[in-house]
Amino acid sequence: GYTENTIKKFKIFWNPKEECLMIPAIYRDGSVPNIKRKWTNGEAKNIKGSKASLFNSKAINDDGLLIICEGEPDCMLLNQYGYSAITNTAGAATFKKEWAKIIASSGRDVILTYDNDAQGISGAKKAGKLLSELGVHVKNVTIPKDFNNKKVKDVTDYFLAGGSKVKLDKLIAQSSTLNPVINATSGGYNW
């Protein structure tokens, strides 16, 4: 679960009327372009009028590696474990070029830790392509689908299955660099 410090840092609060957690995406300037509702059954929806945005965008200004993961729960948990992590509020398929430019301007190396399902793999490829085209050094960590005899889909599942920061650090160290290869025939990128 989340510590009290994590709950305070991300300004998570309970909405008794809808019986769900409210998770605001707060930009570096203090504005809130998105609030996600998350119910105890796992369902999540952005409130009406929310825009696709970066979640925990302040972390882009930190030092060291920047982890881009899939989903606010993973992002909050990674930060709780001491990583500098961001995500977006619109799902694995969404990664905007404007976000890639902001991240590229930070000069930081990036680790992608998207979910290990088809949408996550596709989303990681899209984000990796946009970032590497802008000169960002990008590595991809694939969370194992089975860990400690438990099915694992994402970073949160990994930690709940007994994963640790030390073990995740080893996965990061062993991860592969995403280097697009330019296809001379089509002019496109192959991954």
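What follows is a short chat about a predicted model.

Colleague: How is the open sheet put together?
Modeller: The open sheet has six strands in the order β5-β7-β6-β8-β9-β12, and the pairing is mixed.

Colleague: Which strands stand at the edges?
Modeller: β5 (54-55) and β12 (176-177) do. Each has a single partner strand, so one side of each has no neighbour in the sheet.

Colleague: In what sense do β9 and β12 pair, parallel or antiparallel?
Modeller: Antiparallel, over two bridges. For N140, the bridge partner in β12 is S176.

Colleague: Where is K139?
Modeller: K139 is part of strand β9, residues 138-140.

Colleague: What is the nearest side chain of opposite charge to K139?
Modeller: That is D109, 8.3 Å away. K139 has no salt bridge, although it is buried; the cut-off for a salt bridge is 4 Å.

Colleague: What is K139 in contact with, then?
Modeller: Setting aside neighbours within four places in sequence, K139 is in contact with V110, I111 and L112, and also with I172, A173, S175, S176, T177 and L178.

Colleague: Change of topic. How many residues does the largest nonpolar core have?
Modeller: The largest nonpolar core has 24 residues, and L78 and L168 have the most contacts inside it. At least two residues come from each of β2 (20-25), β6 (66-69), α2, α5 (155-160) and α6 (165-174).

Colleague: Which of those gives the most to this core?
Modeller: α2, with four residues.

Colleague: And what does L78 touch?
Modeller: Not counting residues up to four places away in sequence, L78 touches I67, C69, Y83, A85, T113, V155, F159 and L168. Another core, of 21 residues, lies apart from the largest one; I68, A92, A100 and I103 are among its residues.

Colleague: Where is N79 found?
Modeller: N79 is in helix α2, which covers residues 72-80.

Colleague: Why does N79 count as buried?
Modeller: Because its relative accessibility is 12%, and buried means under 20%.

Colleague: What lies 2.8 Å from a polar atom of the N79 side chain?
Modeller: The backbone oxygen of C75. Leaving out neighbours within four places in sequence, N79 is in contact with K9, F10, N56, S84 and A85.

Colleague: What separates the C-alpha atoms of N79 and L168?
Modeller: They are separated by 13 Å, with the two residues 89 apart along the chain.

Technical notes
Residues numbered from 1 in each chain as written. Predicted model: local features only at pLDDT ≥ 70, side-chain atom pairs only at ≥ 80, totals over all residues. Heavy atoms only, no water. Buried < 20%, exposed > 50% of the residue type's maximum accessible area, 1.4 Å probe, protein only. Lys, Arg positive; Asp, Glu negative; His and termini not counted. Contact = heavy atoms within 4.5 Å. Polar contact = N/O pair within 3.5 Å; in protein donor to acceptor, adjacent residues only side chain to side chain. Core = buried A, V, L, I, M, F, W, Y, C linked by side-chain atoms within 4.5 Å. Pairing = 2+ DSSP bridges.
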